[in-house]
Amino acid sequence: MLNAIKSFLELLKGMWITFSQIFRGPQTYTYPEVKRPVRQRFKGRHVLKRYDNGLEKCIGCALCAAACPADAIFVEASENTDERRFSPGERYASTYEINMLRCIFCGYCEDACPTEAIILGDNYELSFTDRSQSIYTREKLLETVPPGGLPTPQQVEPGLFDRSIPMMEDPD
Ligand code: SF4
Ligand code: SF4
C-alpha cells in the first residue's frame, strides 16, 4: 500500500513537471528564419575587411598564413598600381584562400594581421556538400563595399599613395 502511494506521488510529480512546461515560451529558434545570437567573442567565418573608401585592408603580407597552425591559408601578393589599386599598400592579395576543412577557428590569423584585414565574424553557416566548396576565396571572403566607397580595383591619382608608406591609417 505504501509503495502504491509513493508511486502515485511520483507520478503526480512527473505530471506536474510536464504540465508546468506547457506555459513556458519556446526554447528553440525557427532557424533559418531566426538566427541564434552569438557571444561577443564568437569566432565564425572569416571576413576580409575594407576601408570606408572601398580599398581592401589586406596588403598580402602573408603573416596570417605564417601564424596559422593548421596551414589553412594561402596568400599570393601582387603589386598595386595607380591604375589598378586594391589596397593602400604597395601590394595586395591577388590570391587569398582559406581551406575551411583545415581551419580550427583559433583566431591566430586575426591576431597576426598588421592591418586588421582579417577577422573572424559571427557567421556560422559553413556547410558545404563538396570538398571544392571548402576553399573560401578572396572574392568570397571580402566584405561588400561600404556605402560611399568604390569597388576594387580603383584608379587613383598618380602618386596618391606613396610607396614608402607601407599602409594607410584606418580611418575608423
Ligand atoms: S582561425 Fe586559426 S586555423 Fe583558421 S585560418 Fe585562422 S589561424 Fe588558421
Ligand atoms: S590578412 Fe592581414 S596578415 Fe593576412 S595577408 Fe592580409 S594583411 Fe597580411
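1. A residue is called buried if 20 or more other C-beta atoms, placed from the backbone, lie within 10 Å of its own, exposed if 12 or fewer do, and partly exposed in between. In soluble globular proteins, nonpolar side chains tend to be buried together.

2. The model is predicted, so that local features need pLDDT of at least 70 and side-chain atom pairs count only at pLDDT 80 or more, while totals for chains, interfaces and linings use all residues. Residues are numbered from 1 along each chain as its sequence is written, and chains are lettered from A and ligands numbered from 1 in the order in which they are written.

3. Cysteine 58 deserves a separate remark. Leaving aside neighbours within four places in sequence, cysteine 58 is in contact (C-beta atoms, placed from the backbone, within 7 Å) with Leu48, Ser87, Tyr92, Ala93, Tyr96, Thr115 and Ala117. Cys58 is also among the nearest of the 14 residues around ligand 2, together with Cys61, Cys64, Cys113 and Ile118, where a residue is near a molecule if its C-beta atom, placed from the backbone, lies within 6 Å of it.

4. The shell around ligand 2 comprises twelve nonpolar, two polar and no charged residues, with Ala, Val, Leu, Ile, Met, Phe, Trp, Tyr, Cys and Pro counted as nonpolar, Asp, Glu, Lys and Arg as charged, and the others, Gly among them, as polar. Around ligand 1 there are 13 residues, of which Cys68, Cys103, Cys106, Tyr108 and Cys109 are the closest; by class, this shell has twelve nonpolar, one polar and no charged residues.

5. Three strands form an open sheet in the order β2-β3-β5, with antiparallel pairing, two strands being paired if DSSP finds at least two bridges between them. The edge strands, each pairing on one side only, are β2 (73-79) and β5 (135-137). Seven bridges join β2 to β3, and glutamate 79 stands opposite arginine 91 in β3. Between β3 and β5 there are three bridges; here isoleucine 98 has tyrosine 136 of β5 as its bridge partner, and asparagine 99 stands opposite isoleucine 135.

6. A cis peptide bond, with omega about 10°, joins tyrosine 31 and proline 32, the latter being found in the loop between α1 (2-22) and β1 (46-48). The peptide bond from threonine 152 to proline 153 is likewise cis, with omega near 5°, and proline 153 is placed in the segment after α4.

7. Aspartate 71 lies in the loop between α2 (63-67) and β2 and is exposed, because 10 other C-beta atoms lie within 10 Å. Phenylalanine 105, in the loop between β3 and α3 (108-112), is partly exposed, because 17 other C-beta atoms lie within 10 Å.

Key: Two residues are in contact if their C-beta atoms, placed from the backbone, lie within 7 Å. Helices (H or I, at least four residues) and strands (E, at least two) are DSSP runs, numbered from the N terminus.
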